[in-house]
Amino acid sequence: MDTKSRYLKFANKIADVTIDRLLGSKHPKFGWIYPVNYGFIPNTKAEDNLEIDVYIIDSKKPLKETKVKIIGIVYREDDIESKLIGITDTTIRYTLNEIYERIEFQEQFFNSKIELF
């Protein structure tokens with residue numbers, strides 16, 4: 001399955017996400033603090049053979065699991081996998097700049113392109 005079709009099947013859908021990097025937690029290897037909740041969709045497979053990762057860009061408190069609406073994809077041109085972008089509050093719309101500001105803590109190390117649905 002190609003990258004785009006692997007992720008596009010989640011476009012504008014509600015997904016259950018398990019958070020393994022809670023808002024405010026420290027990355028175990030690199031030491032940065034997560035300004036967003038970051039997790040994965042269970043029982044999926046990304047290009048690295050792990051679950052598909054999701055940035056949850058709008059939550060204000062640490063979560064362990066939640067439902068999100070998938071609003072976009074972060075394509076990494078210089079990495080093996082891409083990421084999904086999810087929101088818990090579907091009444092708010094985000095610009096590309098607002099999204100990038102929330103995920104820049106990690107995406108600054110990659111040549112990334114955001115595609116919104």
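Predicted model: local features only at pLDDT ≥ 70, side-chain atom pairs only at ≥ 80, totals over all residues.

Student: Let us begin with L84. Why is L84 called buried?

Tutor: The word buried is used for a relative accessible area under 20%. L84 has a relative accessible area of 0%, so L84 is buried. You will find L84 in strand β5, residues 83-87.

Student: Which residues is L84 in contact with, leaving aside neighbours within four places in sequence?

Tutor: Among them are Y7, F10, I41, I52, D53, V54 and I73. The C-alpha atoms of L84 and I71 are separated by 7.7 Å, and these two residues are 13 places apart along the chain.

Student: D53 was in that list. What makes D53 count as buried?

Tutor: The relative accessibility of D53 is 11%, and the cut-off for buried is under 20%. D53 therefore counts as buried. This residue is found in strand β3, and its contacts beyond four places in sequence include Y38, F40, E81 and K83.

Student: How do you know that the side chains of D53 and K83 make a polar contact?

Tutor: A polar contact needs a pair of N or O atoms within 3.5 Å. The side chains of D53 and K83 are joined by such a contact at 2.6 Å, so the pair meets the distance limit.

Student: What is the phi of N43?

Tutor: N43 has a positive phi of about 60° although it is not a glycine. For N49, also not a glycine, phi is positive at about 70°.

Student: Now the strands. How do you know that β1 and β2 pair?

Tutor: Two strands pair if there are at least two bridges between them. β1 and β2 have three bridges, in the antiparallel sense, so they meet that requirement. One example is T18, whose bridge partner in β2 is F40. β1 is also joined to β4 (residues 65-76), with five bridges and an antiparallel run. There, D16 has K67 as its bridge partner in β4.

Student: Last, the largest pocket. How much space lies in it, and which residues are closest to its centre?

Tutor: About 330 Å³ of space lies in the largest pocket. Of the 18 residues that line it, R21, Y38, D53, E81 and K83 are the closest to its centre. β1 (14-21) and β2 (37-41) each supply at least two residues of that lining.

Student: How many residues of each class does the lining have?

Tutor: The lining of the largest pocket has seven nonpolar, two polar and nine charged residues.

Key
Residues numbered from 1 in each chain as written. Heavy atoms only, no water. 1 Å grid on protein atoms, 1.4 Å probe; cavity = no way out; pocket = protein on both sides within 12 Å on 5 of 7 lines; lining within 4 Å. Points joined across faces, edges and corners; volume = space filled by probe spheres on them. Helix = DSSP H or I, 4+ residues; strand = E, 2+ residues; numbered from the N terminus. Nonpolar A, V, L, I, M, F, W, Y, C, P; charged D, E, K, R; others polar. Buried < 20%, exposed > 50% of the residue type's maximum accessible area, 1.4 Å probe, protein only. Contact = heavy atoms within 4.5 Å. Polar contact = N/O pair within 3.5 Å; in protein donor to acceptor, adjacent residues only side chain to side chain.
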